[in-house]
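Take a moment with the sequence and the model.

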Amino acid sequence: MSNATWMQRDLQHVWHPCTQMHDHEELPLIPIAKAQGLWLTDFNGHRYMDAISSWWVNIFGHSHPRLNAALETQLKSLGHIMLAGFTHQPIIELSERLVALAPKGLTRCFYADNGASAIEVALKMSMHAWHNQGFPEKNRFVALENSYHGETLGALSVTDIPLFSSTYASLLMPQWRAPSPDCSHLPSADWEAHSLQCFAAMEDLLSREHMNISAVILEPLVQGAAGMRMYHPIYLQCLREACDRYHIHMIADEIAVGFGRTGSMFACEQAAICPDFLCLSKALTAGYLPMSVVMTHDGIYRCFYDRYESLKGFMHSHSYTGNALAAAVALASLDIFEDEQVLAINRTKATWITQAAVPLAQQNHVARLRQCGMILAFDLVNHEGLSYDWRERRGLALHLAALQRGVLVRPIGSTVYIIPPHITHQPDITQILTVM
């Protein structure tokens, strides 16, 4: 069947996420027939290079032979069992591997199904830990301005993007906001000083309200859904020190930036700090199956360790928690990182991206070109140098023009970005940025 036939069938019943369905009265959906490596192929035979890893998840591209083989092997023995009262080899081995890779001190893994669920777990676990220690008043959270942490109600309470949260304001718990340390508008040489300056407001808030603050939650180094707003690792160092000083937990939301995106396996490594909670998802299973994990330390774990009747236990569950298939493919993904020296090679690839993007900076409608590891972003601006309003849909125009040239990008308003899979090579990067 053709693209048109599949599109007609889709529009009868499927409601797509982050989509105004009315748009598809004019803009065609693209039904994908198969995906291999960097390439998506539709039912009409047109191919599109996936420059955003399909919403930042497919770090090793599509239909990777080693990941496929891991799933096939696991299917022959165990697909899924509940993780309450039972366990299995893949989840044990995955937990061991994650503990070995994560910042030293994170020793416990609590699994869920997706990124927003991981945030819910971390928020609840932080507040509940304080409650179990006799501090029930520590039940509020601090997030950064322009932060995004998911779209369930708890996650929306610490999300600061009105497009996602304003409609549901009456349902959300009030939380504090601290100014974003966003350095995207500055030369890279000024990032450290600006991040330090921005931390002064966070310090003031923590000093005044620490008795009621459970945790600070933030996206390390890159605020993704806000438009790839980037900042210096010094901010994370200052925050870790302040959280220790004021007895506040630190939650690192690395759902988008974990697993090699920023130049290190985890972004918080670049600040040489260990958060109290590390939230991971998206690339955890290399885009194959839904899974998330919240990593924490023994200090948090011990707050809940007691007899059942004490009511101190952490009563949070998901039916598919610790799915064996997801764990098996996550293990295979970690094997690829190790066997193919992905992080070391990505440092060279990041340089390729920097070099290939030089002509972009010379374009009249491009401003604030910025990069963090394998993530590159810029803003579309008018002749006066001002970002286009999202209602002008200049990002959409670029998205459609790039598709016509065989490249998939999905701008955030007027911010255009790429997060290519780790299997991307120099000619691919050149092609992506030439199309831009």
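Helices (H or I, at least four residues) and strands (E, at least two) are DSSP runs, numbered from the N terminus. This is a predicted model, in which local features need pLDDT of at least 70, side-chain atom pairs count only at pLDDT 80 or more, and totals for chains, interfaces and linings use all residues. Residues are numbered from 1 along each chain as its sequence is written, and side-chain values use heavy atoms, with hydrogens and water left out.

Start with the whole chain. The protein chain holds 15 helices and 16 strands. Its radius of gyration is 22 Å, close to the 22 Å that the globule rule gives for 436 residues, so the chain is as compact as a globular protein of that length. The radius is taken over C-alpha atoms, and the rule is 2.2 Å times the number of residues to the power 0.38. Along the principal axes, the C-alpha atoms fill a box of roughly 60 × 55 × 45 Å.

Next comes burial. A residue is buried under 20% relative accessible area, exposed over 50%, and partly exposed in between (1.4 Å probe, protein chains only). Of the 436 residues in the protein chain, 52% are buried. The chain exposes about 20200 Å², and carbon and sulfur atoms supply 55% of that area. Accessible areas come from the Shrake-Rupley method with a 1.4 Å probe; for residues, only the protein chains shown count as cover.

A contact means heavy atoms within 4.5 Å. Among contacts in the protein chain with a separation of 6 or more, 69% join residues 24 or more positions apart.

Now look at a pocket. On a 1 Å grid over the protein atoms alone, a pocket is an open set of points with protein on both sides within 12 Å along at least five of seven lines, and lining residues have an atom within 4 Å of a point. The second largest pocket has a volume of about 890 Å³. That volume is the space filled by probe spheres set on the points, with grid points joined across faces, edges and corners. Its lining has 30 residues, and Leu-83, Cys-109, Phe-110, Tyr-301 and Phe-314 lie nearest the centre. The elements that give two or more residues to this lining are helix H4 (89-101), strand E4 (108-112), strand E12 (292-296) and helix H10 (298-304). H4 gives the most, with 5 residues. The lining of the second largest pocket divides into 17 nonpolar, 11 polar and 2 charged residues. Here Ala, Val, Leu, Ile, Met, Phe, Trp, Tyr, Cys and Pro count as nonpolar, Asp, Glu, Lys and Arg as charged, and the others, Gly among them, as polar.

Move to the loop between helix H6 (153-157) and helix H7 (162-165), where Asp-160 lies. Val-158 sits in the loop between H6 and H7 as well. Val-158 is buried, because its relative accessible area is 1%. Leaving out residues up to four places away in sequence, Val-158 touches Ile-119, Leu-123, Phe-141, Ala-143, Ser-147, His-149, Gln-175, Arg-177 and Ile-217. Asp-160 is partly exposed, with a relative accessible area of 24%. With the sequence neighbours up to four places away set aside, Asp-160 touches Leu-144, Glu-145, Asn-146, Ser-147 and Arg-177. Asp-160 and Ala-226 are 66 residues apart in sequence, and their C-alpha atoms are 8.7 Å apart in space.

Further along, Leu-172 lies in the loop between H7 and strand E6 (176-178). Leu-172 is buried, because its relative accessible area is 17%. Not counting residues up to four places away in sequence, Leu-172 touches Leu-153, Leu-156, Ser-157 and Ser-165.

Two loop residues call for a look at the backbone. Most residues other than glycine have a negative phi. Gln-341 is not a glycine, yet its phi is positive, near 50°. Its place is the loop between helix H11 (324-339) and helix H12 (342-356). Gln-341 counts as exposed, at 55% relative accessibility. Arg-393 also is not a glycine and has a positive phi, of about 60°. Arg-393 is in the loop between strand E14 (375-380) and helix H14 (394-404). Arg-393 is partly exposed, with a relative accessible area of 37%.

Finish at Pro-359, which is found in helix H13 (residues 358-361). Pro-359 counts as partly exposed, at 44% relative accessibility. Pro-359 and Met-436 are 77 residues apart in sequence, and 9.8 Å apart in space, C-alpha to C-alpha.

Definitions and conventions
On a 1 Å grid over the protein atoms alone, a cavity is a set of points where a 1.4 Å probe fits but cannot get out, and a pocket is an open set with protein on both sides within 12 Å along at least five of seven lines; lining residues have an atom within 4 Å of a point.
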